[in-house]
Amino acid sequence: MPRFTQVKALTDGGTLRAYFESVGVEIPTDTEVDPTGVLAAPMTITDGAAGRVAVPNRWTVLPMEGWDGLADGRPSELVKRRWQRFGESGAGLVWGEATAVRHDGKANPNQLVLNETTVDDIAELRTQLDPSQVTVLQLTHSGRYARPTAEGPEPRILYEHPLLDDRDDVAADGSNLLSDDEIDELVEQFIAAALLAGQAGFDFVDVKACHGYLGHEFLSAWDRPGRYGDDLEGRSNFLRSVITGVREAAPGIGVAVRLSLFDFVPHVAGEGGIGRPAAAAGHGPDGFTDGSTDDSTDGYRHAFGGDGTGLGYDLAETHELLDRLAGLGVGLVCASAGSPYYVPHVQRPAYFPPSDGYQPPEDPLVGVARLIAATTEVTQRHPDMRIVGAGLSYLQQWLPNVGQAMVASGCADSVGLGRMMLSYPHLPADVLAGRRLNKRLLCRTFSDCTTAPRNGLVSGCYPLDDFYRQREERVLLAAAKKQSRTRLR
């Protein structure tokens with residue numbers, strides 16, 4: 001098990017600050033939370049097409065990948081229940097879950113798909129929300145993580161990745177590689193889906209560019225020739241083409257982007273199940289440009305926003321990309337990092353790893369602080385954009401204190417909640433009403449919301465949500481976790 005103090009044990013401000021100092025992290029934190037303060041303040045998004053959009057407060061429901069829709073891409077009753085809870089959350093901005101633009105782009109067989117057949121059912125999700133909430137629908141193609149049926153992975157890639165292709169079941173004959181013509185077709189499908197999202201009543205669409213999915217992989221396609229690779233002009237061509245096309249086809253809908261600001265070298269479980277860089281676990285030097293044959297990660301070239309070591313970040317290209325997006329009228333960005341598939345400790349700091357993960361190689365607070373620092377940098381460098389922070393659920397009872405301090409000090413414009421929304425969707429409403437937090441419902445980062453779907457079970461918070469705790473899948477989940485613990489020892 002990890003050697004780190006759990007956040008739930010940091011019961012007062014003095015203990016919290018002392019532990020931050022001992023870990024060597026800087027995380028802005030307020031001693032008291034003012035229910036009428038900055039978190040209750042409205043936020044205005046300025047979009048190149050939708051104009052000025054007023055959000056009633058600084059709380060955001062983050063987009064998550066649902067594993068509980070119907071096989072044809074329509075929402076199930078479980079999906080509708082989740083959205084109803086989003087509607088009751090009190091959050092001013094609801095960034096709706098990952099929705100594939102076509103069937104073969106689904107990350108799992110039960111992910112939502114937006115097309116002419118499903119649009120009316122997806123429009124019903126909007127009716128589960130409060131009319132005052134501003135809404136975003138995330139549009140995606142899962143790329144190398146596409147798994148549209150239970151038969152197995154069906155990855156589509158943009159270039160050969162020396163560390164990921166084997167683990168992602170990419171064929172050696174190049175048959176998984178998307179051609180430029182296929183990408184051109186995909187651009188048109190994103191545009192068509194955006195038009196449908198507007199018809200379904202959503203205020204914005206998100207052209208997803210994070211977490212290792214296709215929109216994110218474009219940004220690291222240095223080794224891809226042609227119109228969709230090489231320099232940043234080519235690597236951002238897909239994203240820019242979709243945004244430009246949406247502006248022309250659906251001028252009434254805003255365009256947002258969820259972006260992995262930086263990425264790290266893929267990690268694997270090493271000694272004791274603790275995560276370590278894949279290159280240092282016997283994968284060889286193929287992912288590095290300096291020709292080295294040792295275990296060093298110097299020269300890692302496949303991380304957008306990375307510093308070349310695979311273990312740090314340099315946001316120079318990230319800022320350049322954001323400048324290009326601002327030039328296209330994008331005024332709303334959700335700041336994330338890495339991928340839950342190969343560096344979950346970077347993207348989703350947790351004390352307990354998911355079933356196919358590894359024990360955290362650092363105190364999860366280091367990951368929280370890293371993402372806050374990067375989010376702060378882009379927020380301050382791009383003041384005309386509204387930046388939503390993420391990766392904060394690990395802070396648990398201290399999340400409102402940190403979120404308030406982040407907004408007040410210009411580290412982010414809105415506080416995003418992901419996993420916390422599954423266990424405690426009413427947290428924003430409780431904070432805004434000045435009520436004490438219900439500590440029984442605080443997400444403790446057990447990772448069951450990831451472990452369950454990766455073992456073929458519906459997504460949800462099994463430990464803390466009574467609805468899921470009583471489902472029969474909980475028994476199967478317990479067996480999967482037991483097997484996982486055996487593997488990670």
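**Briefing on a predicted model: strands, helices and selected residues**

Asn-57 touches Leu-39, Ala-40, Ala-41, Pro-42, Gly-90, Ala-91, Gly-92 and Leu-432, leaving out residues up to four places away in sequence; contact here means heavy atoms within 4.5 Å. The structure is a predicted model, in which local features need pLDDT of at least 70 and side-chain atom pairs count only at pLDDT 80 or more, while totals for chains, interfaces and linings use all residues. Residues are numbered from 1 along each chain as its sequence is written, and side-chain values use heavy atoms, with hydrogens and water left out. Helices (H or I, at least four residues) and strands (E, at least two) are DSSP runs, numbered from the N terminus.

**Asn-57 and its loop**

- Asn-57 is found in the loop between strand S2 (51-55) and strand S3 (59-61).
- With a relative accessibility of 7%, Asn-57 counts as buried; the term buried stands for under 20% relative accessible area, exposed for over 50%, and partly exposed for values in between (1.4 Å probe, protein chains only).
- The Asn-57 side chain reaches two backbone nitrogens: that of Trp-59 at 3.0 Å and that of Gly-92 at 2.8 Å.
- Such polar contacts are pairs of N or O atoms within 3.5 Å; within protein, one must be able to donate a hydrogen and the other to accept it, and residues adjacent in sequence count only if both atoms are side-chain atoms.

- Strand S1 (residues 43-47) has a covered face made up of Met-43, Ile-45 and Asp-47, and an uncovered face with Thr-44 and Thr-46.
- In a regular strand, side chains alternate between the two faces of the sheet.
- S1 and S2 pair in the antiparallel sense over five bridges; two strands pair if DSSP finds at least two bridges between them.
- Thr-46 has Arg-52 in S2 as its bridge partner, and a hairpin of three residues joins S1 to S2.

**Strand S4 and its partners**

- Eight of the eight residues of strand S4 (residues 93-100) are buried.
- S3 pairs with S4 in the parallel sense over two bridges, and the bridge partner of Thr-60 in S4 is Leu-93.
- S4 and strand S6 (residues 134-140) run parallel and are joined by six bridges, with Ala-100 opposite Thr-140 in S6.
- S4 also pairs in the parallel sense with strand S5 (residues 112-113), over two bridges; here Thr-99 stands opposite Leu-112.

**Thr-135 in strand S6**

- Thr-135 lies in strand S6 and is buried, with a relative accessible area of 0%.
- The side chains of Thr-135 and Arg-126 are joined by a polar contact of 3.4 Å.
- Apart from neighbours within four places in sequence, Thr-135 is in contact with Val-94, Arg-126, Leu-129, Gly-201, Phe-202, Asp-203 and Phe-204.

- Helix H2 (residues 77-87) is mostly covered, with nine of its eleven residues buried; among them are Trp-83, Phe-86 and Gly-87.
- Ser-76 caps the N-terminal end of H2, where a side-chain oxygen lies 3.3 Å from the backbone nitrogen of Leu-78.
- Thr-127 belongs to helix H3 (residues 119-127) and is exposed, with a relative accessible area of 57%.
- The side chain of Thr-127 reaches the backbone oxygen of Glu-124 at 2.4 Å.
- Thr-127 and Gly-87 are 40 residues apart along the chain, and their C-alpha atoms are separated by 8.9 Å.

**Helices H8 and H10**

- Helix H8 (residues 316-327) and helix H10 (residues 364-381) pack at an angle of about 40°, and their axes are 11 Å apart.
- Axes are lines fitted to C-alpha atoms, for helices over the stretch in contact, and angles run from 0 to 180 degrees between N-to-C directions.
- H8 and H10 are therefore oblique to each other; angles under 35 degrees count as roughly parallel, over 145 as roughly antiparallel, 65 to 115 as roughly perpendicular and the rest as oblique.
- Thr-318, His-319 and Leu-322 in H8 meet Glu-377, Val-378 and Arg-381 in H10.

**Strands S11, S12 and S13**

- Strand S11 (residues 332-336) and strand S12 (residues 386-389) pair in the parallel sense over three bridges, with Arg-386 in S12 as the bridge partner of Leu-332.
- S12 pairs in the parallel sense with strand S13 (residues 414-417) over two bridges, where Val-388 stands opposite Ser-414.
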